[in-house]
Protein chains: 2
Amino acid sequence: MPITIEHVRAAADRLRSLAQRTPVLTSRAIDDRAGASVFLKCENLQRVGAFKFRGAMNAVLLLSDDERARGVVTHSSGNHAQAIALAGRLAGVPACVVMPRTAPEVKRRATEGYGASVVSCEPTLADREATVSRLIEQHGYTLIHPFDDWRVIAGAGTAALELIEQAGPLDVLLAPVGGGGLMAGTCLAASGESPGTRLVGVEPSRADDARRSLESGTILPSDDPKTVADGLRTCLGARPFAVLRRHLERIVTADEAEILEAMRFVWERVNLIVEPSSAVPVAALLNGTVPEVAGKRVGVILTGGNVDLDPMFQALAERWLVPGAR
Amino acid sequence: MPITIEHVRAAADRLRSLAQRTPVLTSRAIDDRAGASVFLKCENLQRVGAFKFRGAMNAVLLLSDDERARGVVTHSSGNHAQAIALAGRLAGVPACVVMPRTAPEVKRRATEGYGASVVSCEPTLADREATVSRLIEQHGYTLIHPFDDWRVIAGAGTAALELIEQAGPLDVLLAPVGGGGLMAGTCLAASGESPGTRLVGVEPSRADDARRSLESGTILPSDDPKTVADGLRTCLGARPFAVLRRHLERIVTADEAEILEAMRFVWERVNLIVEPSSAVPVAALLNGTVPEVAGKRVGVILTGGNVDLDPMFQALAERWLVPGAR
């Protein structure tokens with residue numbers, strides 16, 4: 001393994017004054033339903049609203065002076081886009097994000113709002129890679145991949161490191177698995193800091209490529225999976241795969257109805273806004289899908305909170321902002 | 001004044017193992033818009049999702065053995081109903097809540113879910129008071145009023161006490177004003193603990209009875225005000241009025257559009273679910289309505305997070321739980 005717990009600890013030092021030390025919350029409602037003591041690491045309260053800031057910032061801080069001057073590029077229409085944009089701005093490093101032209105306008109504007117330049121591509125893997133390659137050739141940018149990058153994995157692992165410091169010893173630690181960067185960082189952090197902790201990944205059952213890949217011993221691609229958990233539609237990366245094979249106890253899955261019910265449970269009973277991807281491990285806990293958690297101390301990384309709130313606020317505005325409304 | 005900072009401190013000791021010490025969060029997005037350093041005391045993360053638990057629990061703990069055996073009664077269709085229900089359950093004290101028969105079924109079930117009995121009344125002040133009086137006569141219950149009660153005011157003040165401990169010295173402290181119990185407790189806590197802190201109340205402009213009452217020097221009732229901030233529709237109580245006259249610098253107001261915009265701002269940028277009442281002081285800050293806050297350290301009590309989430313989750317379910325949905 002090219003990186004270890006020491007790389008995660010170094011990332012934590014590097015991020016100390018830049019990333020939020022997000023709170024760890026508990027909820028009696030979740031504990032009652034799960035039959036366990038659950039500790040929620042609130043990365044939805046992280047900068048840019050997601051753990052992605054940790055990996056992006058760590059990677060930008062590890063650039064050489066020459067690389068910093070030339071700038072960075074990535075491809076993402078999700079939280080990593082805003083994370084790279086903010087990390088670039090904070091470090092004074094030019095950042096460029098390649099986004100499919102079908103990405104929501106709001107994502108594009110948010111990324112530009114943090115000061116990155118956005119380049120559109122066709123919504124195909126081929127054109128995305130061609131566009132990134134062309135930009136690297138033209139500008140000398142350094143690529144910071146959203147998850148298949150050791151600097152990003154080490155940064156992501158700092159969330160679990162903090163969680164263990166804040167909550168104390170954990171019997172089980174759960175995180176969602178998309179590209180696998182967070183779960184890989186979590187594995188490195190926990191196996192170094194708290195070797196007895198069982199590590200369990202959770203995927204949407206409609207996007208269970210990591211589960212199938214770990215079972216077969218080779219990365220099996222996913223084919224544009226249809227799941228509400230938009231952060232988990234990506235295919236497992238090679239570097240995360242290598243870490244997960246070694247450290248992960250298992251992967252369990254949650255279906256779409258379970259994911260939405262868990263998301264609503266966190267919104268309603270904990271009063272935190274979490275995005276569907278964050279609700280995936282909560283869904284597994286609430287539905288008894290993770291074996292042997294009864295009475296145990298279970299950590300969960302709530303990965304982010306970026307959700308389109310239009311339906312909620314349109315309903316409220318219709319009711320309250322019409323003249324003469326009740 | 002029959003109570004002082006010492007009563008608030010005693011309440012804090014009493015609540016230590018029962019109430020959550022809720023986190024204080026900061027948000028660069030809010031700071032940038034307000035032009036100040038803003039500290040959010042997250043009582044939406046309190047038990048029952050609102051600061052109301054503090055006052056209810058403190059009042060129940062101050063009952064005599066005889067009063068405990070006979071039980072308590074209150075009237076509320078809001079957060080105080082669930083707060084009294086949970087406080088009663090935790091202390092082993094029977095609790096009865098009088099609710100108008102027009103109250104949402106979900107509020108009734110939540111209150112019963114915490115173990116209180118619910119008695120319906122007509123949605124009029126006269127029938128509510130008659131029903132409470134009849135129950136007191138029949139069962140010997142002790143009334144715990146939602147805000148016009150010194151035990152409740154002292155309990156509510158513990159949120160500000162913690163905020164000052166957690167955030168350090170504050171130049172300004174903001175809270176919404178409905179019945180005035182929270183603002184009165186906040187005044188007592190801050191004037192004792194941090195005498196230089198300016199105390200500012202915020203009301204919906206459609207429910208500005210406290211502002212008008214303080215200006216005229218006598219309590220002017222509100223007439224069923226129509227505001228989205230459902231927790232702030234009540235009229236100022238006599239005991240809170242006495243405290244506010246002495247300690248409050250001023251009351252400012254926010255209109256309905258400002259309240260909804262501030263609520264969305266907190267949901268979207270901080271990833272916390274706050275109810276409209278909580279958004280009222282935030283609205284005043286975001287719109288520059290509070291004088292002389294530029295560059296200051298400003299505390300805000302986010303009072304609660306109980307909101308009907310049906311519109312949001314109906315939209316998500318329609319999109320994702322239909323067979324074959326994208």
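Chain A is divided into domain 1 (5-50 + 149-302) and domain 2 (53-143), with bounds that come from an automatic or database domain assignment. A word on conventions: this is a predicted model, in which local features need pLDDT of at least 70 and side-chain atom pairs count only at pLDDT 80 or more, while totals for chains, interfaces and linings use all residues. Residues are numbered from 1 along each chain as its sequence is written, chains are lettered from A and ligands numbered from 1 in the order in which they are written, and side-chain values use heavy atoms, with hydrogens and water left out.

**Between the two domains of chain A**

The centres of the two domains, taken over C-alpha atoms, lie 25 Å apart. On the domain 1 side, A:R14, A:V48 and A:R151 lose the most area to domain 2, together 42% of what that side buries. Buried area here is the accessible area (1.4 Å probe) that two parts lose on being put together, summed over both.

The rule finds two salt bridges across this interface, a salt bridge being a side-chain nitrogen of Lys or Arg within 4 Å of a carboxyl oxygen of Asp or Glu. A:R54 forms a salt bridge with A:E162, their closest N and O atoms being 3.0 Å apart. Helices (H or I, at least four residues) and strands (E, at least two) are DSSP runs, numbered from the N terminus.

**A sheet in chain B**

Six strands of chain B form an open sheet of mixed pairing, in the order 1-2-10-7-8-9. Strand 1 (24-25) and strand 9 (250-254) each have a single partner strand, so one side of each is left without a neighbour in the sheet. Two strands pair if DSSP finds at least two bridges between them. Strand 7 (residues 172-176) and strand 8 (residues 198-204) of chain B pair in the parallel sense over five bridges, and B:V172 stands opposite B:R198.

**Where the chains meet**

The table sets out both interfaces, with contact meaning heavy atoms within 4.5 Å.

| Interface | Residues in contact | Buried area |
|---|---|---|
| Chain B and chain A | 41 residues with 41 residues | about 3700 Å² |

Between chain B and chain A the count is two salt bridges. B:D310 and A:R264 meet in a salt bridge at 2.8 Å, N to O.
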